[in-house]
Amino acid sequence: MHGYAGKILSVDLTSNTIETSPLDSDFARRNIGGIGFAANVYFDLIKDNPRFDALDPDNPFVIMTGPLAGIKLNGVARWVCATKSPLTGFWADANIGGHFGAHLKFAGYDGIVITGSAPKPTYLFIENDRVELRSAEKYWGKDVYVTTDEMIADLSDKSNGSAQVFAIGPAGENLVRFASIANDKSHFAGRAGMGAVLGSKKLKAVFVRGTGGIDIAHPDRLETLNDKLKDAYDESIFIEAVRNFGTVTYMDVGIISGDIPMKNWQQTEWEDFDAIGPLAYEEKILTGRKTCYGCGIACKREAEVKEGPFRFPNGPGPEYETVAAFGSMCLNSDMESIGKLNDICNRYGMDTVSCGSTVAFAIECFERGLISEEDTGGISLTWRNAEAIVTLTEKIGKREGFGAILAEGSEQAANRIGGKASDFLTTVKGLEAAMHDPRSYHSFGLAYAVSPRGACHTESPIFPIQSGGLYFPDIPELADEQIAMDSMGKAPFIIACQDFGTFLTGCAVFCNLGISPLNASQAVEIVNHVTGFDYTIDEVTDIGKRIWYLQRGLSNLFGARDVDDRLPKRLMTPLEEGPSAGSVPDMDLMLKEYYALRNFTGEGIPEKGVLIKLDLPELAELLYKGG
Amino acid sequence: MGLFKDSETFEKVLGGFFGLVGETPEVAEKLLASKLVIRFTYTDPDVVLVVDCSGDEIRVIPGDTEMKAEVNMWMSSDIAHKFWFGKVNLTAALTRGQMKAKGPIPQILKLLPAIKPTYAMYPRYLEEYGFGEYNIY
């Protein structure tokens, strides 16, 4: 099969068994890869017993690549993980860059299905056909960077290809509900607490080394298309911006529209803002640039602080989301401390969006007198207090003192704190909102609300499309520029983003930054040239639609209903100043239109008929048991 | 047909604003630090403005198509007008071809924080300098 490795690896940690099965070509044609594979495999595993806690052995964990991983091309190195989230209790998936996906395919596997739970710390060793579960006692308790370095040093055989590690840190081991998983120290399955799922399974890491390659159906056509795209890449100011400044370049763009949350979403203007902008980043912490497998963009940053209270050694630098979450959200204008906080989160293995948002929430609780130094263990948790934020973040990773309360996520923490704490939450379905404000772009409000996994900015390419990084003139619903602070007619736009987007960044697993110069036809062409299939835009959009409904249905199976499709009070409170002053999305209007177009019941569940039409009869059966 | 009736009017409006920006120390200092010469080519109505930041003070030169500019930007007069209100999604405008830019992109991007205060200045300038009819965003 062109583009695919041709095998899926299944690992049961409880019984210590490992099996491989061939990738069915009809299954591949029908689901393309990535989340298309993961959602189907996951559903098959849980459909007989969909009631379990996310941290139970019954919760499978699925890693899947798409047909493009391992190809040397801009923006195609990504791959996905999927499971039930311990933070939200609903369906969760993550989309990760780096090198692991490519190397997994070089080893001969399109994906790994992990079930059960190991009795003691374990890691999965993969070297082509040699696959073993091994003791991870040596690595347990060690941070992500140390684990990665030691594992590579212990296991690498330089004469036999380079190796990749996908590992959790102490936060995953400690079941922090927003724990992440890291490849190569800098590429994270960040959102919704997937690291805690691996921690509950006592699976410290997956080590992979492969020596195979990827067979491309039409290499000549791919090369011709790639040559044609060279000029578009050279002329793209967006590509040049992320190449030169990384994702933090968005600080200077988002500030104009009021998209960057500040002071736990209470303002969008701040006199110290430039102290954490791209120029300050470059001046204070930047040391170099890195990239994902085969990608010439190199948007990843390296950073270091050599001395002072926030010193940290050279390593992966913070992304835009991290700078906003630990910077503007906490009114923290110390760029060096943001680098340090990124280093802490990376080493412990914690999602910087949820962690920074939870810290900002706690600061507001402290400033408003809901908690005191007695609660925080002596930490004076005030706005602008970089030292306090660093101290608290370490405590969260260790689940120590007040950090243990915050390690449950901000919603659970609000329940513990009580009073008006829930007024300061920024969560949808329990997931802390990404650093994009629905008051500045109303479509983001609908996207956050109806996403199967909560308020995430990468659930579909809505964010790059609305904010201009992606442009698909060949899809009518996506061609027109959307009015930012207007809720009218946003449902068809969001649906088109979700359906085509599920193909684009979910199934084919394109990077929504690295393919900025491509139109929709060119993205489909790339998949066709690699796989030899003959997809059209309409067909991949239909596939994306089916996979989107499957993910939505999985969240419905786990209990998500219409009441979960709401924005929190904080995100619905109009701001008095700034570019989006007075603006709030009209959620009732947008949801009404969206539910009608998606054929949802009033409870937010897809109607049985639409699921049958989409060829999801088993999902329909489960959701409508007994009628 | 664009918002501005003729080239002369648009040149007065935007050229005058650039002049004012050049006299605003908090912005001018950062622009002068860039040492860039930027040529803006506007269409409908057609106007060319060169903003020269290479010397000790900012010079605004209308109609100069000869001077060597490190940065060249092209856009319609309407998009330019909207931009200075802070109402144009810059990324989207560039991606959709509503604006084009040639030159050292990193240096252009470095100007964004510098010009941030000008978005609030523009509507005030229009009112104070007799161009209130164009204060529409």
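**Helices, a sheet and a chain contact**

Mentor: In this predicted model, helices α13(A) and α15(A) are oblique to each other, since their axes cross at roughly 120°.

Trainee: Within what distance do the axes of those two helices come?

Mentor: The axis of α13, residues 352–367 of chain A, and the axis of α15, residues 386–398 of chain A, come within 11 Å, and the crossing of the two is right-handed.

Trainee: And which residues meet there?

Mentor: From α13(A) there are A:C355, A:V359 and A:A362, and these meet A:I389, A:L392, A:T393 and A:I396 of α15(A). Sorted by class, this contact has six nonpolar residues and one polar residue, with no charged ones.

Trainee: Switching to the sheet, what's the order of the strands?

Mentor: The order in chain A is β8-β7-β12-β9-β10-β11, which makes an open sheet of six strands with mixed pairing. At the edges are β8 (130–135) and β11 (187–189) of chain A, each of which pairs on one side only. On average, and ignoring direction, neighbouring strands of the sheet are turned by 20° against each other.

Trainee: Okay, β12(A): buried or exposed?

Mentor: Seven of the seven residues of β12(A), residues 203–209, are buried, so the strand is largely enclosed by the rest of the structure.

Trainee: How do β7 and β9 of chain A pair with β12(A)?

Mentor: β7(A), residues 122–127, runs parallel to β12(A) and is joined to it by six bridges, with A:E127 partnered by A:R209. β9(A), residues 163–167, pairs with β12(A) in the antiparallel sense over five bridges, and there A:F166 has A:V206 as its bridge partner.

Trainee: And over at β11(A), how many bridges join it to β10(A)?

Mentor: Three bridges join β11(A) to β10(A), residues 181–183, and the two strands run antiparallel; in one of these pairings, A:I181 has A:A189 as its partner.

Trainee: Last topic, then: how many residues does each chain put into the contact between A and B?

Mentor: Chain A gives 21 residues and chain B gives 16. On the chain A side, α8 (237–245) and α9 (250–257) each supply at least two residues, and the largest share, six residues, comes from α8(A).

Trainee: What's that side made of, by class?

Mentor: The side of chain A that touches chain B has ten nonpolar, seven polar and four charged residues.

Terms used. Residues are numbered from 1 along each chain as its sequence is written. Chains are lettered from A and ligands numbered from 1 in the order in which they are written. This is a predicted model: local features need pLDDT of at least 70, side-chain atom pairs count only at pLDDT 80 or more; totals for chains, interfaces and linings use all residues. Two residues are in contact if their C-beta atoms, placed from the backbone, lie within 7 Å. Helices (H or I, at least four residues) and strands (E, at least two) are DSSP runs, numbered from the N terminus. Ala, Val, Leu, Ile, Met, Phe, Trp, Tyr, Cys and Pro count as nonpolar, Asp, Glu, Lys and Arg as charged, and the others, Gly among them, as polar. A residue is buried if 20 or more other C-beta atoms lie within 10 Å of its own, exposed if 12 or fewer, and partly exposed in between; C-beta atoms are placed from the backbone. Two strands pair if DSSP finds at least two bridges between them. Axes are lines fitted to C-alpha atoms, for helices over the stretch in contact, and angles run from 0 to 180 degrees between N-to-C directions. Angles under 35 degrees count as roughly parallel, over 145 as roughly antiparallel, 65 to 115 as roughly perpendicular and the rest as oblique. A crossing is left-handed if the near helix is turned anticlockwise from the far one by less than a right angle, and right-handed if clockwise.
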